[in-house]
Amino acid sequence: MPNEFEIKKLTIEIIASLVYKKTQMYELILRPAGISDKFFGSLMKKRNVDGKLLTKRDMGVIIVNELEKKPEFRKNINSIIKIAANWNQFHLTDNEMLARATVQKAREVMNVIDIMAEKEKEYLAEEKEKERKRLEEERRKAKVEWESEIQNQSKLLLMMYDELVLMKNNPHKRGLMLEQLVNMLFNVYDIALMQSFRRNEGGEQIDGAFKLDGWHYLVEMKWTSQLTDMKQLDSLYGKIARSGKQTMGLFLSIGGWSSHVVPLMKQHPDKSIFLMDGFDLRMVLTQEISLINILQRKIAKFNIESEPFFSARSILY
């Protein structure tokens, strides 16, 4: 590869020798290479130390020196050399032998530049591929670590859930601990679940809320000895109605629902609540299905087929 000095020298020679007239030099070489007409106009008026107008060679030296100060220097210089390498208008010069020699040198240099550019392109492609593989490996390791963490945390939460199953004599405490368990489970999957809070000046209690795929969901949780009935669901319908338009509801009833709940929900004009039961929760805790997967499958079934309860049994078996 020619050194920087040789490249500059060749560029000056191209500007000085390919054409006789300065205006042609600008129109055929400098303008296509990105040199502004304003800058060239200033050179046409400038004089050297002897008080004479600048020669084309004088202009070439100034142009190269000015281009060197700019970040697009290499692009402009390569453009000038490329123009010279494809030059065939030798009738415009006053020294055809010098012009042909300059063009030949430009072709040799352009050939080297093209080879180097191709090598650089290959190098960048290799580096890009290495970076892609590195990131892919990092993602793979992160996924393995994440899945391992989910598995470990889920085992602990399953133990906690099994203890709650036996806590039959203290339903209030069990309900509170269920909220904690669900909150911990959502955190394991990096889904931010707001813990229970009151809103509307303390007028209504919200067991929890989370955001998934751009939608907000209010969560109601029940763990009672009686099956959940429509009256309890009506409470959640009201809370959703008093929320923003992009809000739906998830009703988690560990013990399930009375037989009339799902048919009545299908008839309800407000399709905004889908259901989850204790078996669904247990399948998530045992890692039979991921929390995100079961939520997305339930939501899709609900939105497309108006089915408020899509059991993990149907998904898995």
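Colleague: Where does Gln-287 lie?

Modeller: Gln-287 is in the loop that links helix H10 (278-285) and helix H11 (291-305). Helices here are DSSP runs of H or I with at least four residues, strands are runs of E with at least two, and both are numbered from the N terminus. This is a predicted model, with local features needing pLDDT of at least 70 and side-chain atom pairs counting only at pLDDT 80 or more, while totals for chains, interfaces and linings use all residues. Residues are numbered from 1 along each chain as its sequence is written, and side-chain values use heavy atoms, with hydrogens and water left out.

Colleague: What about the phi of Gln-287?

Modeller: Gln-287 has a positive phi, about 70°, although it is not a glycine. Its relative accessibility is 32%, so Gln-287 counts as partly exposed. Buried means under 20% relative accessible area, exposed over 50%, and partly exposed in between (1.4 Å probe, protein chains only).

Colleague: And which loop holds Ser-306?

Modeller: Ser-306 sits in the loop between H11 and helix H12 (312-316). Ser-306 is not a glycine either, yet its phi is positive at about 55°. With 33% relative accessibility, Ser-306 is partly exposed.

Colleague: Switching topic: which residues touch the most other members of the largest nonpolar core?

Modeller: Those are Phe-210, Leu-281, Leu-291, Ile-294 and Leu-295, out of 41 residues in that core. Helix H7 (residues 171-188) gives the most to this core, seven residues. A nonpolar core is a set of buried Ala, Val, Leu, Ile, Met, Phe, Trp, Tyr and Cys residues joined through side-chain atoms within 4.5 Å.

Colleague: What is Leu-295 in contact with?

Modeller: Leaving aside neighbours within four places in sequence, Leu-295 contacts Phe-186, Ile-191, Phe-210, Leu-212, Leu-250 and Phe-274. Contact means heavy atoms within 4.5 Å. Apart from this core lies another, of 34 residues, including Ile-7, Leu-43, Ile-81 and Phe-90.

Colleague: Okay, zooming out. How many helices and strands does the chain have?

Modeller: Twelve helices and seven strands. Of the 317 residues, 41% count as buried.

Colleague: And what is the radius of gyration of the chain?

Modeller: The chain has 38 Å, whereas a compact globule of 317 residues would have one near 20 Å. The radius is taken over C-alpha atoms, and the globule rule is 2.2 Å times the number of residues to the power 0.38. Along its principal axes, the C-alpha trace spans about 105 × 40 × 35 Å.
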